[in-house]
Amino acid sequence: MNKKLIIFGAGILGHLAFEYFSKDSDYTIECFTVSSKFLKEKIFCGLPVVPFEDIEKNYSPSEYDMYVALGWYRLNRNRLEFYKKAKEKGYKLASYISSKAFIWDDVTVGDNCFIMEDCVLQPKVKIGNNVTLWSACCVEHFSEILDNVTLVSRVAIAGNTKIKENCFVGVNASIGDNLIIEKDNFIAMGSVIRKSTIENSIYEGNPAKRNRLITAKQFLKV
């Protein structure tokens, strides 16, 4: 029997989650949920939209799982906030792994992760909780991505590298082997990282340089 899923978020990412989970997983999507102040329509993708504040009254955590479909804004803090709130309500957080991704059999993936088509995760890779990997990302052997990270399409991470919490890595960025990307980093699209980074920083260019005028945590004020 199919498992039942609630999707948090009724925007573009919620719609994408609906498409992927409904067509490429063993979940049946039952409804969407958002905070009541953002509830503008009662139907989304043909399904009801329910206020998050009292979602558990009609959709019990014992019967339904949840996926939080929010983006990288505020360095993934928006997604993290509702990930925590869903757990506090007792929901199990579902992960989606595309059937068209290549995932080695000893890779570990946490909850509320979203791994899209053509991603490659090589042996001994570890993916934490609340992580999003857009299409065609490559994470090579023994690398680790910690919690609350977003990799946009075609990011390449070489072997034995660690991406710490709350990072965003833009389209077509490349990160060398045996490096540590410290937490709260914003890596701009197309950047090439050849050295380990400094916490709370923005990097851009090839080779990437740290922007000394702007800190990554300024994104938290957006």
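Predicted model: local features only at pLDDT ≥ 70, side-chain atom pairs only at ≥ 80, totals over all residues.
**Exercise 1. Aromatic pairs**

Find how many aromatic pairs the whole structure holds, and describe the pair of Tyr20 and Tyr96.

*Solution.* A search of the whole structure gives 19 aromatic pairs, where rings of Phe, Tyr and Trp (its six-membered ring) pair if their centres lie within 6.5 Å, and planes under 30 degrees apart count as stacked, over 60 as edge-to-face and the rest as tilted. Tyr20 and Tyr96 make one of these pairs, with 5.4 Å from centre to centre and 65 degrees between the planes, and it is edge-to-face. Helices (H or I, at least four residues) and strands (E, at least two) are DSSP runs, numbered from the N terminus.

Residues are numbered from 1 along each chain as its sequence is written, and side-chain values use heavy atoms, with hydrogens and water left out.

Which residues form one aromatic cluster with Tyr20 and Tyr96?

*Solution.* The cluster is made up of Tyr20, Phe21, Tyr27, Tyr67, Tyr96 and Phe114.

**Exercise 2. Phe52 and its surroundings**

Describe the pair that Phe52 forms with Phe82, and then state what lies over the face of Phe52.

*Solution.* Phe52 and Phe82 form an edge-to-face aromatic pair, with 5.9 Å between the centres and 85 degrees between the planes. Because Phe52 lies in the loop between S4 and S5 and Phe82 in helix H2, the pair ties together parts that are 30 residues apart in sequence. Phe52 counts as buried at 4% relative accessibility, and Phe82 is buried as well, at 13%. Turning to the face of the Phe52 ring, one finds Lys89 over it, at 5.0 Å from the ring centre; a charge sits over a ring if NZ of Lys or CZ of Arg is within 6 Å of the ring centre and within 35 degrees of the ring normal.

**Exercise 3. Salt bridges**

State how many salt bridges the structure holds, and work through the bridges of Lys89, Arg77 and Lys124.

*Solution.* The structure holds nine salt bridges, each being a side-chain nitrogen of Lys or Arg within 4 Å of a carboxyl oxygen of Asp or Glu.

- Lys89 meets Glu56 at 2.9 Å, N to O. Lys89 is in the loop between helix H2 (77–88) and strand S6 (96–97), and Glu56 is in the loop between strand S4 (47–51) and strand S5 (64–68), 33 residues apart. Lys89 is partly exposed at 23%, and Glu56 is partly exposed at 30%.
- Arg77 meets Asp184 at 2.9 Å, N to O. Arg77 is in helix H2, while Asp184 is in the loop between S20 and strand S21 (185–187), 107 residues apart. Both Arg77 and Asp184 are buried.
- Lys124 meets Asp106, with the closest N and O atoms 3.3 Å apart. The pair links parts of the chain 18 residues apart. Lys124 is partly exposed at 43%, and Asp106 is partly exposed at 25%.

**Exercise 4. Strands and sheets**

Trace how strand S2 pairs with S1 and S4, and then give the strand order of the open sheet of five strands.

*Solution.* Strands of a sheet pair through backbone hydrogen bonds, either parallel or antiparallel, and two strands count as paired if DSSP finds at least two bridges between them. Strand S1 (residues 3–8) runs parallel to S2, and six bridges join them; among the partners, Leu5 has Ile29 in S2. The chain crosses from S1 through H1 to S2 in a right-handed β-α-β crossover, a term which means that, with the strands pointing away from the viewer, the path from the first strand over the helix to the second runs clockwise. S2 also runs parallel to S4, over three bridges, and Thr33 stands opposite Val50 in S4. Strand S2 (residues 27–34) is mostly covered, with six of its eight residues buried.

The open sheet of five strands has the order S8-S11-S14-S17-S20, with parallel pairing. Its edge strands, S8 (108–109) and S20 (180–181), each pair on one side only. Strand S17 (residues 162–163) pairs with S20 in the parallel sense over two bridges, and Lys162 stands opposite Ile180 in S20.

Conventions
Buried < 20%, exposed > 50% of the residue type's maximum accessible area, 1.4 Å probe, protein only.
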